[in-house]
Amino acid sequence: MNQTNPIILSRDQHLISRKQIDENCLKVLYRLHRHGYKAYLVGGSVRDLLLGRQPKDFDIGTDATPSQVRKLFRNCFLVGRRFRLAHIRFGGNQVIEVATFRRHPGDDELPEEEAEHSHFVQNVFGSPEEDAARRDFTINALFYNIADFSVIDYVGGLKDLETKTLRVIGDPRVRFVEDPVRMLRAIEFKNRLGLSMDQSIYQAIAEHKALLATAAPARIREEIMELFRHKISAPVLKQCRELEMLPHLLAGYPGSDESIALLEKIDRRTASGIPIDESFAIAALYLRLFADSCPPSRHAHIGEALRQANDILVPHSRYFSIAKGIHHQARELLIGCFRLARGRGLRGEKRFLQHPLTPLAFELFTLWSEVRPQLEPLRNEWSSAIDMQRNRINSSNAPIKKARYKQKSARKKHHK
Ligand code: ATP
Ligand code: MG
């Protein structure tokens with residue numbers, strides 16, 4: 001590879017301060033540096049710090065090999081089959097990931113799928129420049145060098161951050177064929193950071209979107225959950241629909257306007273601080289489809305609703321290898337919405353009200369009733385019954401806990 005000169009911003013030319021960097025991450029950077037290795041903050045954290053955002057996690061890049069890293073840290077474990085990474089563990093379950101700079105494997109080396117099944121770890125260590133070039137977008141390939149507190153840019157990421165442009169490193173057509181998940185990540189970052197997308201990305205997606213169906217389902221599943229966690233499921237899936245990516249991404253999900261409107265409510269719920277779990281996200285994705293496939297009337301049967309819920313959810317759960325517990329919970333949420341939409345006073349209501357998932361189903365139904373206002377009177381009918389049940393559970397729980405606590409402390413005393 002030809003050497004190119006990177007753009008380097010010295011410490012007084014950018015706004016990243018060490019105060020913004022996690023304390024343990026700094027410790028790792030300094031220790032690597034003290035032992036003569038290159039130690040850079042890499043990837044999303046540099047991008048977020050330059051944008052004035054709080055990074056989700058801090059990753060480190062170095063020219064020390066994984067075993068050299070391990071020798072420096074007592075609390076270090078090597079993980080990963082395909083690429084060895086060092087995980088340095090700190091208290092409170094914190095893990096700092098340290099990766100040796102690597103390059104894109106050449107043609108004479110194993111293709112990724114084969115390498116994944118190989119027992120041998122690929123030896124693809126590279127220079128910092130090569131490490132920048134193998135990353136996905138220019139804004140994700142910036143480095144912060146602990147040696148002199150400078151920012152290093154090999155790929156034009158600083159300019160793109162300034163002009164708020166998402167640009168693929170290299171030719172998007174090549175990079176999307178190499179890894180189709182990057183097409184989804186493009187839409188994700190565009191919406192997360194409010195960027196405009198370089199035209200070449202649109203063209204490459206139009207050409208290669210069908211390849212999304214060949215990506216490892218586990219990776220797509222993880223990126224989809226990232227959309228929910230970042231409260232951008234609605235705009236991203238809407239754009240995926242417009243770009244006709246959905247059939248290759250989520251084959252059973254049509255992405256209708258009503259469904260996207262529900263996802264907007266879900267994103268707002270997450271933004272209010274309520275963590276999203278996967279079963280809730282799956283139920284939300286498929287609620288519109290389910291509601292239309294078995295319209296609830298007073299006489300509608302639960303058996304039929306169960307069949308419809310299975311028809312919709314089973315293909316999703318199979319494709320993405322969703323654990324049984326999550327699948328069942330998503331189904332219970334759909335069935336809960338079905339029961340709520342049938343109205344009050346039917347057989348089994350008492351048991352339904354006592355079911356532990358009913359409050360969550362009611363929460364989903366409430367958001368759904370904001371999308372379909374004709375459901376609002378029903379929602380209001382249920383509201384007081386659900387609240388009463390919730391209060392009953394709360395007040396019956398409290399004395400039990402107290403009694404147990406007393407027993408325990410009595411036992412402790414006895415032992416003394
Ligand atoms: P987040 O804030 O979501 O963690 P991130 O930029 O750190 O954003 P990650 O998915 O954690 O994203 O990946 C870390 C870095 O690894 C990215 O910034 C990018 O440089 C690189 N990367 C991740 N996925 C890919 C990919 N599919 N192809 C090339 N590089 C990737
Ligand atoms: Mg990250």
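This is a predicted model: local features need pLDDT of at least 70, side-chain atom pairs count only at pLDDT 80 or more; totals for chains, interfaces and linings use all residues.
Local features require pLDDT of at least 70 and side-chain atom pairs pLDDT 80 or more, while totals for chains, interfaces and linings use all residues. Residues are numbered from 1 along each chain as its sequence is written, chains are lettered from A and ligands numbered from 1 in the order in which they are written, and side-chain values use heavy atoms, without hydrogens and water.

**Exercise 1.** Determine how H14 and H16 are oriented to each other.

*Solution.* Helices are DSSP runs of H or I with at least four residues, numbered from the N terminus. Step 1: H14 (residues 278–293) and H16 (residues 324–342) pack at about 45°, with axes 8 Å apart. Axes are lines fitted to C-alpha atoms over the stretch in contact, and angles run from 0 to 180 degrees between N-to-C directions. Step 2: angles under 35 degrees count as roughly parallel, over 145 as roughly antiparallel, 65 to 115 as roughly perpendicular and the rest as oblique. Step 3: H14 and H16 are therefore oblique to each other.

**Exercise 2.** Identify residues of H16 that meet H18.

*Solution.* Step 1: contact means heavy atoms within 4.5 Å. Step 2: Gln329, Leu333, Gly336, Cys337, Leu340 and Ala341 in H16 meet residues of H18 including Leu360 and Phe365. Step 3: H18 itself spans residues 358–371, and its axis lies 8 Å from that of H16 at an angle of about 65°.

**Exercise 3.** State which polar atoms approach oxygen atoms of ligand 1.

*Solution.* A polar contact pairs N or O atoms within 3.5 Å. Step 1: a polar side-chain atom of Arg47 is 2.8 Å from a ligand 1 oxygen. Step 2: for a side-chain N or O atom of Lys56 the distance is 3.3 Å. Step 3: a polar backbone atom of Gly44 lies 3.4 Å from an oxygen of ligand 1.

Definitions and conventions. Helices (H or I, at least four residues) and strands (E, at least two) are DSSP runs, numbered from the N terminus. A polar contact is a pair of N or O atoms within 3.5 Å; within protein, one must be able to donate a hydrogen and the other to accept it, and residues adjacent in sequence count only if both atoms are side-chain atoms.
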